[in-house]
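User: I have a chain open in the viewer and would like to talk through how it is put together. Could you go over it with me?

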Amino acid sequence: ILENRRLKVKRSRSKGGLAGPDGTKSVFGQMCAKMSSFSPDSLLLPHRVWKVKFVGESVDDCGGGYSESIAEMCEELQNGLTPLLIVTPNGRDESGANRDCFLLNPAAKSLLHMNMFRFLGVLLGIAIRTGSPLSLNLAEPVWKQLAGMNLTIADLSEVDKDFIPGLMYIRDNEATSEEFEAMSLPFTVPNASGQDIQLSSKYTHITLDNRAEYVRLAINYRLHEFDEQVAAVREGMARVVPVPLLSLFTGYELETMVCGSPDIPLHLLKSVATYKGIEPTASLIQWFWEVMESFSNTERSLFLRFVWGRTRLPRTIADFRGRDFVIQVLDKYNPPDHFLPESYTCFFLLKLPRYSCKQVLEEKLKYAIHFCKSIDTDDYARIALTGEPAADDSSDDSDNEDADSFASDSTQDYLTGH
């Protein structure tokens, strides 16, 4: 069982945005520090590798806490709490393709950074082995390199559309030697994170005579700037899966194996849904699926995290490993419209009050998925507007009432009207 202090993560965020020095105070950083305690056999388990205890939060990890830790780490990798990923140059410039994607940070080269990249590789390998997808929006060139493929000039243009045209301007410029030298162009190239890299100790500026050499060195640098980071990630993956076999797949196929589909097809969720305390033809269930149909993909992702601790569905029904999505309707909530839904992420279970109409169901569900993201220590979700707790649950799951019910402190203000 691995302890994790995620409640302190935001308080430890430094001026540079990182959670502690080099992101070591993040959930990802804390888990990475414990990587040496993972035995080789534990990394080969078919389902989950560790049990997690979130300090200060009420969770008995039967699987939901584990999924939540994975989702939390994926979020941290992409929100600046850790130093491993950077937004693409196109994303920084708000132009071209892959604006919302991330690259490995070529400036992250310390021993600590390399260890973090290896742990990232372990997470990727676990996702492949267990069929539990990660929510990582890496650019396709990253997946190509992780699959063992070399980058091409076309790959560079996919993430930095101005790089090659800039080189072509230098290569094909018809200025005289004097005019060219008057431009005073340094013999440097910006790396993916925007830092200028000196390409040669022999030259300080680009001239007509050395510009062909400059173009060659600049392209070569950009094609290989991620090599160290990719090697570390693949080293981590090799602890979990046979990395040489990844060369059988394209970058896109590897991404699908690790991340599943970014779209959340409701027909797949419906196919594994079961119902307790209500018939699937009941109006409440029809309203629920209609609301889910109206949700954006982002909202569906938030719903999955609320109810299962994950942000993406597995690739196929087989990858659910026999796990049903259970919708249970209870009459203990009275009046039902005064209560929020509850979720038990360990059991992929959603408990719904018997709402009076579709509009109320939509309102309560949207509030829950947006604002109820921490483990419920104080049973706020079970407190009615009057402040009185609901009656004891006499359902079959009553023994698991302390398992991963989600709510946030802000829920109390909402429920009590403050």
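User: Of the contacts in the protein chain with a separation of 6 or more, what percentage comes from residues 24 or more positions apart?
Analyst: This is a predicted model, and in it residues 24 or more positions apart account for 71% of the contacts in the protein chain with a separation of 6 or more.

User: How many helices and strands are there, and what share of the residues is buried?
Analyst: The secondary structure of the protein chain consists of 16 helices and 10 strands, and buried residues make up 53% of the 418 residues.

User: Let's look at helix pairs. How do the axes of H4 and H10 cross?
Analyst: The axes of H4, residues 111-130, and H10, residues 227-237, come within 6 Å and cross at roughly 50°, which makes H4 oblique to H10. The crossing of these two helices is right-handed.

User: Which residues meet there, and how do they divide by class?
Analyst: From H4 the contact includes Met114, Phe117, Leu120, Gly121 and Ile128, and these are among the residues that meet a set in H10 including Glu228, Ala232, Val233 and Met237. By class, the residues of the contact of H4 with H10 divide into 9 nonpolar, 4 polar and 3 charged.

User: And H7 with H9, at what angle do they cross?
Analyst: The axes of H7, residues 163-172, and H9, residues 211-224, cross at roughly 165° and come within 9 Å, and the two helices are therefore roughly antiparallel to each other. H7 passes H9 in a left-handed crossing.

User: Which residues are involved in that one?
Analyst: Phe163, Leu167, Ile170, Arg171 and Asp172 in H7 meet Arg211, Tyr214, Val215, Ala218, Ile219 and Arg222 in H9. The contact of H7 with H9 has 7 nonpolar and 4 charged residues, with no polar ones.

User: Switching topic, is Val307 buried or exposed?
Analyst: Val307, which is found in helix H14, residues 297-308, has a relative accessible area of 0% and is therefore buried, the cut-off being under 20%.

User: What does Val307 touch?
Analyst: Leaving aside residues up to four places away in sequence, Val307 touches Phe325, Ser343, Tyr344, Thr345, Phe348, Leu349 and Leu350. Val307 and Phe348 are 41 residues apart in sequence, while their C-alpha atoms are 5.9 Å apart in space.

User: Last one: how far does H15 reach, and which of its residues are buried?
Analyst: Helix H15, residues 358-371, has 14 residues and reaches 20 Å from its first C-alpha to its last, close to the 20 Å expected at 1.5 Å a residue. The buried residues in H15 are Val360, Leu361, Lys364, Leu365, Tyr367, Ala368 and Ile369.

Conventions
Residues are numbered from 1 along each chain as its sequence is written. This is a predicted model: local features need pLDDT of at least 70, side-chain atom pairs count only at pLDDT 80 or more; totals for chains, interfaces and linings use all residues. Side-chain values use heavy atoms; hydrogens and water are left out. Helices (H or I, at least four residues) and strands (E, at least two) are DSSP runs, numbered from the N terminus. The expected span of a helix is 1.5 Å times one less than its number of residues. Buried means under 20% relative accessible area, exposed over 50%, partly exposed in between (1.4 Å probe, protein chains only). Axes are lines fitted to C-alpha atoms, for helices over the stretch in contact, and angles run from 0 to 180 degrees between N-to-C directions. Angles under 35 degrees count as roughly parallel, over 145 as roughly antiparallel, 65 to 115 as roughly perpendicular and the rest as oblique. A crossing is left-handed if the near helix is turned anticlockwise from the far one by less than a right angle, and right-handed if clockwise. Contact means heavy atoms within 4.5 Å. Ala, Val, Leu, Ile, Met, Phe, Trp, Tyr, Cys and Pro count as nonpolar, Asp, Glu, Lys and Arg as charged, and the others, Gly among them, as polar.
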